[in-house]
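Reader: I have a model open and I'm new to this. Can we go through it together?
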Amino acid sequence: MRESEQIRRAWDGVVATARRTTADGLVVGTSGNVSARVGDAVVVTPSGIPYDRLTPRDLVAVDLEGRPLLGDLAPTSELPLHLAVYRATGAAAIVHTHAVHATAVSTLVDELPLIHYMAGALGGPVRVAPYALYGSDELAAHALEALAGRTGCLLRNHGTLTYGASLDQAYDRTAQLEWMCRVWLTASSLPGRAPTLLTPAQADQATEKLRDYGKP
């Protein structure tokens, strides 16, 4: 398959995933963004266009330095964040959202407490990257630090970032992260009670076991 055909297939997947984030309540309006890597090209949602209005003509692709390859629309303002992750990891897809519970947690702690063993699906305890202006190189740098050894992180007063070997995997990790944040907030809201947390050893054990999760 020629690269241009791969890029167009990736665009279809990016649009479908972006629409899914809206349908599942992980983003509102045009907040959040989705991308996929095809070789040295990155297919990404454009800036300021509602996902339900995107068509094949709206395809946006750039190289790993952010130089335009295809499309007339401006890429998402969070392009530096996406490109930094692609350059530093083996990511094939990235999902960034402003999910309610995850964003709330990002304002309260420096690391999501170990409320559930599925933290292992993201490589271990999920860290919170310090706040920086959206779309900035500073935000990208903070996110990379928080992602060390992980496939997802929270962005302070901002939202979530997850990546994976496919759009489906990146999305599933986003949904899992939002769910864990919701569980912790719910358990923490009972007056006079504090949720039981996993120990680091228990979390490490789950992380190791989850490395083969879903594999034949």
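Reader: Which residue in β2 is the bridge partner of Val38?
Author: In β2, Val38 has Ala41 as its bridge partner. Before going on: this is a predicted model, where local features need pLDDT of at least 70 and side-chain atom pairs count only at pLDDT 80 or more, while totals for chains, interfaces and linings use all residues. Residues are numbered from 1 along each chain as its sequence is written, and side-chain values use heavy atoms, with hydrogens and water left out.

Reader: What counts as a strand, and how many bridges join β1 to β2?
Author: Strands (E, at least two residues) and helices (H or I, at least four) are DSSP runs, numbered from the N terminus. Two strands pair if DSSP finds at least two bridges between them. β1 and β2 run antiparallel and are joined by four bridges.

Reader: What does Gly39 do in that hairpin?
Author: Gly39 takes a positive phi near 65° in the hairpin, which has two residues between the strands.

Reader: How many bridges join β2 to β3?
Author: Three bridges join β2 to β3 (residues 61–63), and these strands run antiparallel. Asp63 in β3 is the bridge partner of Ala41.

Reader: Are the β2 side chains buried or exposed?
Author: Ala41 and Val43 point one way, Val42 and Val44 the other, and all are buried. Buried means under 20% relative accessible area, exposed over 50%, and partly exposed in between (1.4 Å probe, protein chains only). In a regular strand the side chains alternate between the two faces of the sheet.

Reader: New topic. How many residues has the largest nonpolar core?
Author: The largest nonpolar core has 41 residues, and Val43, Leu112, Leu154, Leu177 and Met180 have the most contacts inside it. Such a core is a set of buried Ala, Val, Leu, Ile, Met, Phe, Trp, Tyr and Cys residues joined through side-chain atoms within 4.5 Å. Its largest share, seven residues, comes from α5.

Reader: What is Leu112 in contact with?
Author: Leaving aside neighbours within four places in sequence, Leu112 is in contact (heavy atoms within 4.5 Å) with Val105, Val126, Leu177, Met180, Cys181 and Trp184.

Reader: How many disulfides does a search of the whole structure find?
Author: The search finds zero disulfides; a disulfide is a pair of cysteine sulfur atoms within 2.5 Å.
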